[in-house]
Amino acid sequence: PMVRRTAFMILRQAGVPERNAPAAIAAIHRWVQRHLYYMHDPAGVEMLTQARVLLQQIERGEAVEDCDSFVLLEHALLNVVGIPTRSVIWKADKRAPDQWSHITLEAHDGRQWVHLDPIMKDKPIGWAPPRYYAKRVVPVGDGPPFPAGLRGHFEVAYLPRDQARET
């Protein structure tokens, strides 16, 4: 309920008309960008924070996260208002070109998939990393069971290679 309430509050405050997926995507994307502060995870630790917990952190002014948490929250907010999403993982770090180092998402606006990178606050909707070593588009919703709050939002590491598209 908290994620759904927040999504509808975002849409109402932004004046998004009903059944306008492009406007809903833009409003939710900008809201996530404005309400989270980007910081890397601690060295050697991968931290994932559930959408509900992130919203509680936002309420307290304590939302400091990395790219996967930004993406997790944006997936949840878009999905709860009926907008399909999928993850995109990237090998984009020149210091570690063989490692998956970044995650973004795409949302379907009713006509096409639109790329969203919530940590890149100065970039427009549709912007994607211009230089990378590999990327993989990952359908959300496949894979094994996950802890409450993550199911359907972060299956990236668990998908068999044949279910993903690498370019």
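This is a predicted model: local features need pLDDT of at least 70, side-chain atom pairs count only at pLDDT 80 or more; totals for chains, interfaces and linings use all residues.

Biologist: Which helices and strands am I looking at, and in what order?

Modeller: There are four helices and seven strands. Going along the sequence, the pattern reads α-α-β-α-β-α-β-β-β-β-β. The accessible surface is about 9200 Å², with 52% of that belonging to carbon and sulfur atoms.

Biologist: How many of the contacts join residues at least 24 apart?

Modeller: Taking contacts between residues at least 6 apart in sequence, 60% join residues at least 24 apart.

Biologist: Which residues touch the most other members of the largest nonpolar core?

Modeller: That core has 34 residues, and Trp31, Val32, Leu36, Leu73, Leu77 and Leu78 touch the most other members. The elements giving two or more residues to this core are H1, H2, H3, H4, S4 and S5. Helix H4 supplies the largest share, seven residues.

Biologist: And what is Leu78 in contact with, leaving aside its neighbours within four places in sequence?

Modeller: Ala24, Ile25, Ile28, Ile83, Thr85, Leu105, Ala107 and Leu116.

Biologist: Thr85 is in that list. Why is Thr85 called buried?

Modeller: Its relative accessibility is 8%, and buried means under 20%, so Thr85 qualifies. Thr85 is in strand S3, residues 85-91.

Biologist: What makes the pairing of Thr85 with His75 a polar contact?

Modeller: The side chains of Thr85 and His75 are joined at 2.6 Å, and the cut-off for such a pair of N or O atoms is within 3.5 Å. The side chain of Thr85 also makes a polar contact with that of Asn79, at 2.9 Å. Leaving aside neighbours within four places in sequence, the residues in contact with Thr85 include Leu105, Glu106, Trp113 and Val140.

Biologist: Glu106 again. What makes Arg86 and Glu106 a salt bridge?

Modeller: The closest N and O atoms of Arg86 and Glu106 are 2.6 Å apart, and the limit is within 4 Å, so the pair passes. Arg86 lies in strand S3 and Glu106 in strand S4, so the bridge ties together parts that are 20 residues apart in sequence.

Biologist: Are those two buried or exposed?

Modeller: Buried. Arg86 has a relative accessible area of 16% and Glu106 is at 9%, to be set against the limit of under 20%.

Biologist: How many salt bridges does a search of the whole structure find?

Modeller: Five. Another of them joins Glu18 and Arg19, with the closest N and O atoms 3.6 Å apart. As a general point, side chains of opposite charge can pair when their charged atoms come close.

Biologist: Why are Glu18 and Arg19 called exposed?

Modeller: Exposed means over 50%; Glu18 has a relative accessible area of 67% and Arg19 is at 79%, so both labels hold. Arg19 lies in the loop between H1 and H2. Phi of Arg19 is near 55°, a positive value in a residue other than glycine.

Biologist: What about Arg111 and Asp109, buried or exposed?

Modeller: One of each. Arg111 is at 66%, so Arg111 counts as exposed, whereas Asp109 has 8% and is buried. Their side chains meet in a salt bridge at 3.6 Å, N to O.

Biologist: Over to Gln57. Where is Gln57 found, and why is Gln57 called buried?

Modeller: Gln57 is found in helix H3. With a relative accessible area of 13% against a limit of under 20%, Gln57 is buried. Leaving aside neighbours within four places in sequence, Gln57 is in contact with Thr49, Glu62, Ala63 and Glu65.

Biologist: Last one. Why is Met39 called partly exposed?

Modeller: Its relative accessible area is 45%. Buried is under 20% and exposed is over 50%, so Met39 falls in between and is partly exposed. Met39 sits in the loop between strand S1 (37-38) and helix H3 (51-60).

Technical notes. Residues are numbered from 1 along each chain as its sequence is written. Side-chain values use heavy atoms; hydrogens and water are left out. Buried means under 20% relative accessible area, exposed over 50%, partly exposed in between (1.4 Å probe, protein chains only). Contact means heavy atoms within 4.5 Å. A nonpolar core is a set of buried Ala, Val, Leu, Ile, Met, Phe, Trp, Tyr and Cys residues joined through side-chain atoms within 4.5 Å. Accessible areas come from the Shrake-Rupley method with a 1.4 Å probe; for residues, only the protein chains shown count as cover. A polar contact is a pair of N or O atoms within 3.5 Å; within protein, one must be able to donate a hydrogen and the other to accept it, and residues adjacent in sequence count only if both atoms are side-chain atoms.
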